[in-house]
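Trainee: May we go through this structure together, one point at a time?

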Amino acid sequence: RRRRRGPGSRRPGGRGGSRRTILITSVGPTGQVNSSSPTIRAYVEDRYGSLLTRHDIDVYLDGEPMRFSYGKSSGRLTCPPNKSLSSGTHTVEIEANTDDGVGRKRWTFNVKK
């Protein structure tokens, strides 16, 4: 379900330097939406300006991994759902992993058709 680091990779908070702070902000959609195919969006950025790549990020919708676009220079992430969503509550989780830090954000929204 989640990408795991291989043996020998540095763990966040390990020896050899300070941890990076990864921010995940401006998430959406939130609350109630009338569309059965809303685009998931967020900004995923290193607090100190280091660039992330899309390979550092995972997006899940209701526990399923999703394909997404990520603007390396802007930090903007967009993810259109690959199918029509049912009425009800849906959960989005974004996880960003680097050798120096981890950022996670989880939220829900409600589709009302």
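The questions and answers below concern the strands, the core and the surface.

Mentor: Please note that this is a predicted model, in which local features need pLDDT of at least 70, side-chain atom pairs count only at pLDDT 80 or more, and totals for chains, interfaces and linings use all residues. Residues are numbered from 1 along each chain as its sequence is written, and side-chain values use heavy atoms, with hydrogens and water left out.

Trainee: How many helices and strands does the protein chain have?
Mentor: Helices (H or I, at least four residues) and strands (E, at least two) are DSSP runs, numbered from the N terminus. Along the sequence the pattern reads β-β-β-β-β-β-β-β-β. The count for the protein chain is therefore zero helices and nine strands.

Trainee: Why is strand 8 described as largely enclosed by the rest of the structure?
Mentor: Buried means under 20% relative accessible area, exposed over 50%, and partly exposed in between (1.4 Å probe, protein chains only). Strand 8 covers residues 88-97. It is largely enclosed because, of its ten residues, those that are buried number seven.

Trainee: Which strands are the edges of the open sheet of four strands?
Mentor: The order of this sheet is 1-3-7-6, with antiparallel pairing. Strand 6 pairs with strand 7 over two bridges, and Tyr70 has Leu77 in strand 7 as its bridge partner. The strands that pair on one side only are strand 1 and strand 6 (69-70).

Trainee: Which residues touch the most other members of the largest nonpolar core?
Mentor: A nonpolar core is a set of buried Ala, Val, Leu, Ile, Met, Phe, Trp, Tyr and Cys residues joined through side-chain atoms within 4.5 Å. The largest has 22 residues, and those touching the most other members are Val44, Ile57, Val59, Leu77 and Ile94.

Trainee: What share of the contacts between residues at least 6 apart in sequence joins residues at least 24 apart?
Mentor: Contact means heavy atoms within 4.5 Å. Leaving out residues up to four places away in sequence, Ile94 touches several residues, including Ile24, Ala42 and Trp107. For the protein chain, the share joining residues at least 24 apart is 60%.

Trainee: At what distance from the ring centre of Phe68 does Arg54 lie?
Mentor: A charge sits over a ring if NZ of Lys or CZ of Arg is within 6 Å of the ring centre and within 35 degrees of the ring normal. Arg54 lies over the face of Phe68, and its distance from the ring centre is 4.6 Å.

Methods:
Two strands pair if DSSP finds at least two bridges between them.
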